[in-house]
Amino acid sequence: MRILLLIGLSLAFSTASLTCRASMTVQSLNGVVTATEISSYKTFMAGQIPPTGQTYDNTLADGTAGMDCESLGLMYEVTNDPAILNEMISFADAFIALRNNTNTGSIMWTGSRDPVWLTKPATNSDGSVNTQAGYAGCENNDIVGHIAFCARLILQSPWLWNATVPDGDPHTYGATYFKRAQTYIAQMDFTQDAYMLKWFINQNFQIVAPASAAWTAENENVNAYNRQMMFLNGFQRLSECHQLLGDSPARVAEYDAIVKAAIVTFTAALQPYTTNGIPAYNWTYAPGSGGSEDNTLHSTYDIWGITRAWESGRYGLSNATMVPFANTLRNVMNVSTNHISYYVNGTSSPNSPRNFIYPGWLPAANFGSQSFAIMANMDMAQGSQGSTPIYDALILWVKNARFNGLYPTNDNTADFSISTPWMQGTAAGSNLTCTVSVNPLAGFTGTVTLSVSHLPKGVAVIFNPSSIINGSGVSTLTIVVSNSAAGGIYSLTNGLTVLGSSSIGTRTTPVTLVVKPHPAIVSTRVAGTDFVVSGTNGFIGATYYLLGSTNLTLPPGQWTTLATNVFGTNGTFNVTNKIATGSSRCFFTVQY
C-alpha cells in the first residue's frame, strides 16, 4: 500500500469525481439512515461491475473492486437488504474465480502455482519481463478478508441459509446462501494453509518475511503496520466465521493468535504524548522506520485494522488504548476546516495538507464522536463520498452506529460507550459468561444500568453488578440458555444488543449468541454388519461426534468417539458405524 516506488504498491482508493451517473447522497450526519441515502448508494452500485478478467495493482484488495465489495458488506449491515448482499456475493464469486489456478496458473516466487491472486503482470508496459510477476503478499489476505466478510454476513443471517441465491450459481460455489458461505470459508482456509500460514507465520504466530532468496528478490516487506493489518483482515474474519460455525476451534485459536501478536506489536510501538493535556499518538510506517506515519492508505489501514480488532473484543485492546487515535485526528491532524495533515504528527512538509481523509479512519469516531463530522464533512466537500462507494458506505455505517447507540454522539460533552466480546456460543441447557465494559469519554461519571434487548425465547441474562457507577467499570454478564431454547444465531440483525442506560441516553453494543440445540437420535437400524444412526436437531454446519460406550454410567468424556461428521443443512445427521464381531451391547450419543 506504500505510495513510494521503493515499496512498489500504488495508491488504490479512487477519489476522482465520476460524472457518468448521479452521485451518492448523504442527507445528514445524524439520525436514521434514510431511504434516499440507501437508494442513491444502490443506484450507484448498479453501475459497479465485478471484474471478469485478470486484474493487478491491488484492484481486488484496497483497489476499486475490493473496496466496492467491502462497501456492500457495510451497507448490508446497515440495511439487512438481501439485494445488497446478493451484489456482494457476485463480487466474492468473481474474486475466487480470479484466484491463481493451482493446476494451470502462474508460477509464483515459491516455484509453485499457489492459490493466490496475481498483483504484478508478467511484462512491463515496455514489454520487458516484470521481475516481480511472482509476488503475492499482504494484499492477498485483504482479499481473503473481503470474501470472509461476505461469508460471515451470510452466517449471521440464518433466515437466508436454505434459500437459493438468485444468481444461478454461475461458478458452482453452492446454490444456497449457506452452501455459498461454506465454499467461501473452505476456499479461503485453503489459501491460508497452502500459502499464508506456510510462508508468513512463525512459531510465535508473528507475521514475518519468508526466509527465501526468491522472496528477498521481490523487494517487498511484510512488517509495515498497514501491511500487517491487511494480513489480519483475512485471519480475523475467517476466525469469526469459524466461531459462528463452531466447526474448528483449532483454526480460531491459530487465527486469533496471529491477530493478537500483530496488535501487540503495533500498540507497543505507539509513541504516546499529550497535547494541551489530551493524550495522542505518533507512530511510524514500520518498526524502526522513524518519522511519522503518513495520512495515506497507510494510516487508514492502521486505524481500520486496530478498530476492527477492538470491536471483536478478543484481542486485549482497551478503550483507553483507542481514544488517543481519535484525539490525534481531532487535535493534531485537523489543521484547518476540511484539511488534514499529511502525517499523523500534524506536519505536512514537504507535502501539503489533504482535503480528504481515507475512510478507514471513520471508525475512530467510536472513541471521540466529534471526529465524525470532521471526517465526513471533509470527504463530502471534496467529493469522495459522492463518487466512491467505500467513502459513502463507511459514513452511513458510522451514522447508523451513532443512531443505534453503538457509537457516542455528544460532540463536546461527557459521553460513554459500552463494549463486550462480539460472539458467545453455547449449547442449549448451558450457561456462559462474558464481560461488559462501560467506557467513559470526555469526563463522563454517571451511572449506567445494563440490560439486553430482544433475547431469544428460553434465554435469560444476569448482570453482576447490574449498574456501573462513576462512569467506568466492568460487569459480568451471565447468559442462561435453557434446554428449550431454539438453536440458531442471534445477533444485531435479530435485534440482540446489550444496552447501557444513563441520564444522558442509552448506548448499545452488539453481541452475537450462537445456541446449539441438543441433537436428537430419531432412528437406528442394522444394515448387514453396519449400525446406522440417524437424527435431527443439530446445528447446521457444525461438527458432531458419535460416541459409544458399553457402560451407560460412564461420563461422556470417557465414551469412545466412533465417527465425526458435519450436520446437514437441515440439522440432520446420518452416520454408519461398523459392528465389531462379538461386541457387547453398546450405547450411543451425539455431541458437538
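Reader: Why is arginine 251 called buried?

Author: This is a predicted model. Arginine 251 has a relative accessible area of 19%. Buried means under 20%. So arginine 251 counts as buried.

Reader: What makes arginine 251 and aspartate 193 a salt bridge?

Author: Their side chains meet at 2.5 Å, N to O. The cut-off is within 4 Å, so the pair qualifies. Arginine 251 is in helix α8, residues 249-269. Aspartate 193 is in helix α5, residues 177-200.

Reader: Why is the contact between arginine 152 and glutamate 240 called a salt bridge?

Author: The side chains of arginine 152 and glutamate 240 meet at 2.9 Å, N to O. That value is within 4 Å, so the name applies. Arginine 152 lies in helix α4, residues 138-155, and glutamate 240 in helix α7, residues 225-245. The pair therefore ties together parts that are 88 residues apart in sequence.

Reader: Are arginine 152 and glutamate 240 buried or exposed, and how do you know?

Author: Arginine 152 has a relative accessible area of 11%. Glutamate 240 has 4% relative accessibility. Each value is under 20%, so arginine 152 and glutamate 240 are both buried.

Reader: What makes arginine 314 a salt-bridge partner of aspartate 256?

Author: Their closest N and O atoms are 2.7 Å apart. The limit is 4 Å, so this is a salt bridge. Arginine 314 sits in the loop between α9 (297-312) and α10 (319-333). Aspartate 256 sits in helix α8. This pair, 58 residues apart, also links distant parts of the chain.

Reader: How do you know whether the radius of gyration agrees with a compact globule?

Author: With 592 residues, a compact globule would have a value near 25 Å. The protein has 25 Å, so the two agree. The C-alpha trace spans about 85 × 65 × 45 Å along its principal axes. Of the 592 residues, 56% count as buried.

Reader: What makes up the secondary structure?

Author: The protein has 13 helices and 21 strands. Among contacts between residues at least 6 apart in sequence, 67% join residues at least 24 apart.

Reader: Why is serine 437 called buried?

Author: Serine 437 has a relative accessible area of 19%. The cut-off is under 20%, so serine 437 is buried. Serine 437 lies in strand β7, residues 431-441.

Reader: Which residues is serine 437 in contact with, leaving aside neighbours within four places in sequence?

Author: Serine 437 is in contact with Ser417, Ile418, Ser419, Gly473 and Val474.

Methods. Residues numbered from 1 in each chain as written. Predicted model: local features only at pLDDT ≥ 70, side-chain atom pairs only at ≥ 80, totals over all residues. Heavy atoms only, no water. Helix = DSSP H or I, 4+ residues; strand = E, 2+ residues; numbered from the N terminus. Buried < 20%, exposed > 50% of the residue type's maximum accessible area, 1.4 Å probe, protein only. Rg over C-alpha atoms; globule rule 2.2 N^0.38 Å. Contact = heavy atoms within 4.5 Å.
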